[in-house]
Amino acid sequence: MRLGVCYYPEQWPEEWWAQDAAQMVALGIEQVRIGEFCWSRVEPQPGVFDWGWLDRAVHVLAAAGLKIVMCTPTATPPKWLIDADPDMLAVGPDGRRRTFGSRRHYDFSSDRYLEQSRRITREYGARYGHHPAVIAWQTDNEYGCHDTVVSHSLAAVQRFRLWLQERYGGIGNLNSIWGNVFWSQEYGSFDEIGSPVGTVTEANPAHWLDYRRFASNEVVRFNRAQCEILRSLSPKRVLVHNFMQLFTAFDHHEVAADLDVASWDSYPIGALEMFWFGLDDKQRWLRTGHPDFTAFHHDLYRGMSRQSFWVMEQQPGPVNWATWNPAPASGMVRLWTWEAFAHGADVVSYFRWRQAPFAQEQMHAGLQTPDREWDQGAQEVALVAAELPQVPPAGTVRATVALVFDYPSIWALQTQPQGGDYDGLRLAFEAYSALRSLGLDLDIVSAQADLKGYAMIVLPAVPLVSDGLMAALKASDAQLVLYPRSGSKLDGMRIPANLAPGRLRELINVRIPRVESLRPAEHEPVHYQDQTGVAGRWRESLDMGAGATATAHFVDGSPAVARQGRVHYLAGWFDEALQRALLRDIAREAGLSPVPLPAGLRIRRRGNTLFAFNYTDAPLQLNVSNAKWVVGSGTVPGRGVCIAERTESP
Ligand code: GAL
């Protein structure tokens with residue numbers, strides 16, 4: 001468990017570097033990430049390199065004892081490169097080319113940019129690949145940030161056609177799977193197919209789903225090209241990319257398969273402001289972020305990482321990019337850091353060392369203010385650094401509950417939501433949050449994962465059920481919870497011949513003849529045991545086949561939850577309390593010991609170590625037997641952390 005920081009030597013006078021490095025070490029920081037945006041300084045003109053300053057920066061940091069995460073600079077192709085070949089720029093949905101002047105302007109489908117990316121990666125790899133201080137490489141920076149995965153350039157369309165040809169073989173097959181007989185959308189050849197924008201009304205959802213799949217593959221191709229070079233020029237170094245929060249535009253499982261470590265960039269307060277959270281949540285967690293938000297991403301990215309995951313960028317103070325940017329409450333930088341370690345992180349690295357006094361992110365806090373004084377976040381980093389040696393070596397993090405998360409399924413739901421506020425990612429987050437509020441540990445796994453050994457498996461947003469997932473579900477004896485729309489689509493966005501839940505009907509004999517989306521204020525009461533909850537946003541009608549019984553009902557008596565043996569099907573998007581009650585009872589049947597935690601209190605076990613986090617501002621009591629507290633005690637202070645060794649479940 002170690003601390004890191006993101007540093008931009010090119011943005012500061014060289015005379016400051018040595019002191020910066022010394023201060024990092026004194027603060028307890030062990031690794032520093034550099035280089036991801038400095039292409040114009042390394043290669044100011046085509047083929048003319050100025051490595052001197054970067055060599056000196058590397059030397060200064062290494063001499064101070066810091067380990068270096070070097071980045072390829074491909075998120076920011078310089079002006080001269082773009083001017084020489086404007087086709088390297090991506091094209092937006094409005095058909096206009098992106099312009100120079102910010103970042104991530106390149107087109108993943110441009111072969112010539114790919115070649116440039118290979119070229120500059122080779123240069124970096126040759127220069128620093130064997131440097132003893134360079135322990136890791138970050139490829140590019142935040143693939144897809146600012147909505148840049150999908151491009152509508154000619155290059156993208158041409159490559160899409162080839163991709164389609166490979167996938168479908170003949171155009172007749174594509175026409176049939178996409179259902180192009182509808183509205184006379186049939187094509188005579190692959191060369192006639194464009195990108196799915198500019199149509200009078202919505203384009204065929206099958207067209208969109210395939211465009212999303214294709215665009216995701218382009219990211220995989222781009223990342224893989226850098227990985228191949230770095231593996232050969234810089235052996236034994238860790239390859240890592242920094243993924244984003246609540247971001248699904250490409251298949252992260254596939255990109256991560258080429259890396260050693262999946263890392264992510266954690267900005268809990270900015271995210272609370274910018275995503276779907278309701279006004280209540282926004283007010284309540286204003287300065288802490290939602291209590292399950294960072295944990296969700298820790299478990300998601302750990303689940304795709306070959307080695308334990310990292311937080312590459314941790315918010316240290318107010319950010320600049322949300323509509324409103326409040327400061328974190330005192331204690332939160334420490335809490336977030338410990339929470340990452342509790343979920344299995346090896347590294348938590350803060351963004352950024354010092355606030356920049358210029359350009360786009362000048363209002364974004366760092367560990368230091370622009371005048372080189374400490375900002376508040378740094379004081380909390382120092383606290384964590386002092387606590388780290390007191391905490392026992394990290395144990396394993398495998399959980400008993402698996403939540404299956406599948407990117408293509410999320411694209412399918414985004415392509416045809418059928419209700420203005422149906423969001424698969426949000427539903428996955430809600431299911432996660434409900435389970436975690438019961439004190440359960442979760443793994444978030446891909447649809448290809450081995451599901452053996454889990455006591456409980458949850459599919460919150462998986463309309464596309466692959467052969468592999470089906471086989472794993474059949475082989476498992478876990479309690480299985482299927483959320484609405486599970487198994488409801490086939491490739492090509494088609495409705496299964498036997499209707500939803502399609503092939504999952506082998507596991508639970510229900511048929512769904514009708515679904516409806518509900519306006520925001522419309523809530524359908526649901527009776528479950530002695531509790532009444534509601535379905536909002538979505539409700540399904542269930543035909544119950546032989547073997548299936550109803551365990552919850554809508555007010556008109558129709559089934560709201562069906563059950564067959566160990567398999568449960570939820571016929572609506574249920575409110576938080578109802579989800580929690582259902583999941584609690586199913587967890588008990590799975591042999592687990594769910595314990596509803598007070599709002600804002602969360603726990604996580606890692607080997608024999610138990611971590612507790614309090615997102616509220618008042619102390620909360622956690623009853624744990626056989627605990628030896630190594631940090632704090634069973635009373636978890638507001639915005640505080642407690643850590644115990646050798647415990648039993650609370
Ligand atoms: C991340 C990005 C950083 C910086 C940061 C600001 O998305 O990787 O370069 O922009 O956000 O919060």
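Which residue in β4 is the bridge partner of C71? Hold that for a moment.

First, the ground rules. This is a predicted model, with local features needing pLDDT of at least 70, side-chain atom pairs counting only at pLDDT 80 or more, and totals for chains, interfaces and linings using all residues. Residues are numbered from 1 along each chain as its sequence is written, and side-chain values use heavy atoms, leaving out hydrogens and water.

Now the strands. Helices (H or I, at least four residues) and strands (E, at least two) are DSSP runs, numbered from the N terminus. Strands pair if DSSP finds at least two bridges between them. Take β3, residues 67-71. β3 and β4 (residues 134-138) run parallel, joined by 4 bridges. And the partner of C71 in β4 is Q138. β3 also pairs with β2 (residues 29-34), in the parallel sense, over 4 bridges. There, I34 has M70 of β3 as its bridge partner.

Is β3 enclosed or open? Of its 5 residues, 4 are buried, so β3 is largely enclosed by the rest of the structure. Buried means under 20% relative accessible area, with a 1.4 Å probe and protein chains only.

On to the helices. The axes of α1 (residues 14-27) and α3 (residues 52-63) come within 9 Å and cross at roughly 30 degrees. Axes are lines fitted to C-alpha atoms over the stretch in contact, and angles run from 0 to 180 degrees between N-to-C directions. The two helices are therefore roughly parallel, a label for angles under 35 degrees. Contact means heavy atoms within 4.5 Å. α1 brings E14, W17, A18, A21 and M24; α3 brings W53, R56, A57, V60 and L61.

Terms used. Angles under 35 degrees count as roughly parallel, over 145 as roughly antiparallel, 65 to 115 as roughly perpendicular and the rest as oblique. Buried means under 20% relative accessible area, exposed over 50%, partly exposed in between (1.4 Å probe, protein chains only).
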